[in-house]
Amino acid sequence: MRFLTLLFAAFLVAPVAAAKDRSVHMRPVTPETLSSVSSDKAYILFRTHRPKGVHSHEPIFLRVPTDAEVSAYLAVKEKTFQDWKPKWVENYNKAKLKGEKDRESSFSGVWAKPTIENLFLYWLDGSNVEHIPHKNLIAQDGVDRTYLVEVPAAQYVLYGVTLGAGFESGLHVCFCLGTVGFEAKAGEIVDLGFLLFDQAKTKSVIPELASETGFGPSSDGFLYLAAGTVRPVRTGDSVPAGLSGRKIVPADYHAVGKFFHPGAGLINRLVPVPGVLGYDGGRVIDVKTGKVAIDRID
């Protein structure tokens, strides 16, 4: 199955294919809309933990696209490449005459070798990467916040985080070097447990993040580096009132190998998740199977 990012409002300088509309497919449920929760739709339930000193982060999820969506994207990419190709070839040849070296892709400059593989397309008609605003919670208990989100039934990946700034600030940190995925089925509420995030430069007070934080300011780039992980649901984790009788199932997490996103501000890996996600040097390990997770750099 292709692992493809169709859209994200990030910092791309690649070609843009015009959009009819940017659809939002992940709809947070609020206390006011709780009565609209349907028994035949898919939902994700998760919590965040923000003790004193921990900044607000908003999780970003990728929905694995359908075969039809991938085909549509590739068709648009082919047309865009053909439209760009004459000027691209002209500029590329001029650059070669000046002795310039090839760049890796059109993302890093128009002087990359003009091939469709080197074209990064920022496609606005498809939307499969979305963040959940921190303000759209359904319940709060002290430093813990609970979120319930209606989503299309599909496979999902915890893709990264953005700043909890109250607006779309782009992909702050991409968990491109290893993360987890799960499935959301129609008729179920999949419980992700806690999603835990903090700055990497200072030692986190969140126990699960302590081992991969405290790196100092040198770990930061233009923005600060964020660390993250998941704490699978435990007995006693809060469930919003009003969901009695609903089918709530714990997320069946699996490891997701390395992938590529050219528009990320910074990249990191999810902190290991016992029984789910581990690492062997630079390799991502699916602990459940004991095998190396498939890298998805396509």
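Me: Tyr-159 and Phe-259: buried or exposed?
Reply: Tyr-159 is buried, and Phe-259 is buried too. This is a predicted model.

Me: How many residues of the protein count as buried, as a percentage?
Reply: Of the 298 residues, 49% count as buried. The secondary structure comes to one helix and 19 strands.

Me: How confident is the predictor, by average pLDDT?
Reply: The average pLDDT is 83. At least 70 is reached by 82% of the residues. Residues 6–22 stay under 50, although the model has 65 contacts for them beyond four places in sequence. Where pLDDT is low, the predicted coordinates should not be read in detail.

Me: How many aromatic pairs does the model have?
Reply: The count comes to eight aromatic pairs. Tyr-156 and Phe-182 form one that is stacked.

Me: What makes the pair of Tyr-156 and Phe-182 stacked?
Reply: The ring centres are 5.8 Å apart, and the limit for a pair is 6.5 Å. The planes make 20 degrees, and stacked requires under 30. Tyr-156 lies in strand β9 and Phe-182 in strand β11 (residues 179–184), so the pair ties together parts 26 residues apart in sequence.

Me: Why does Tyr-156 count as buried?
Reply: Its relative accessibility is 2%. The cut-off is under 20%, so Tyr-156 is buried. Phe-182 is at 1%, so Phe-182 counts as buried as well.

Me: What is the geometry of the pair formed by Tyr-159 and Phe-259?
Reply: This aromatic pair is stacked, at 5.0 Å centre to centre and 20 degrees between the planes. The pair links distant parts of the chain, 100 residues apart. Tyr-159 is in strand β9, and Phe-259 is in the loop between β15 (254–256) and β16 (266–267).

Me: Which residues do ring pairs link into a cluster?
Reply: The cluster holds Phe-46, Phe-61, Tyr-147, Tyr-156, Phe-182 and Tyr-253.

Me: How do you know that the charged end of Arg-269 sits over the ring of Tyr-279?
Reply: The charged end is 3.9 Å from the ring centre. The distance limit is within 6 Å, with a further limit on the angle to the ring normal. Arg-269 counts as sitting over the ring of Tyr-279. Arg-231 lies over the face of Phe-194, at 5.0 Å from the ring centre.

Me: What makes strand β4 mostly covered?
Reply: Seven of its seven residues, 57–63, are buried. In a regular strand the side chains alternate between the two faces of the sheet. On one side of β4 are His-57, Pro-59, Phe-61 and Arg-63. On the other are Glu-58, Ile-60 and Leu-62. Both faces are covered.

Me: How do you know that β4 and β9 pair?
Reply: Pairing takes at least two bridges. β4 and β9 (residues 154–163) have seven, in the antiparallel sense, so the strands pair. β4 and β6 (residues 129–131) have three, also antiparallel. Leu-62 stands opposite Val-157 in β9, and its bridge partner in β6 is Val-129.

Me: Why does Leu-158 count as buried?
Reply: Its relative accessibility is 1%. That is under 20%, so Leu-158 is buried. Leu-158 is found in strand β9.

Me: Why is Val-276 called buried?
Reply: Its relative accessible area is 7%. The cut-off is under 20%, so the term applies to Val-276. Val-276 sits in the loop between β16 and β17 (277–280). Its contacts beyond four places in sequence include Val-180, Tyr-253, Ile-285 and Lys-288. Val-276 and Tyr-253 are 23 residues apart in sequence and 6.6 Å apart C-alpha to C-alpha.

Me: In what order do the three strands of the open sheet stand?
Reply: The order is β17-β18-β19, with antiparallel pairing. β17 and β19 (291–292) each have a single partner strand, so one side of each is left without a neighbour in the sheet.

Me: How do you know that β18 and β19 pair?
Reply: At least two bridges are needed. β18 (residues 283–286) and β19 have two, in the antiparallel sense, so the strands pair. Ile-285 stands opposite Val-292 in β19.

Conventions: Residues numbered from 1 in each chain as written. Predicted model: local features only at pLDDT ≥ 70, side-chain atom pairs only at ≥ 80, totals over all residues. Heavy atoms only, no water. Buried < 20%, exposed > 50% of the residue type's maximum accessible area, 1.4 Å probe, protein only. Helix = DSSP H or I, 4+ residues; strand = E, 2+ residues; numbered from the N terminus. pLDDT = per-residue confidence, 0-100. Contact = heavy atoms within 4.5 Å. Phe/Tyr/Trp six-rings, centres within 6.5 Å; stacked < 30°, edge-to-face > 60°. Lys NZ or Arg CZ within 6 Å of the ring centre and 35° of its normal.
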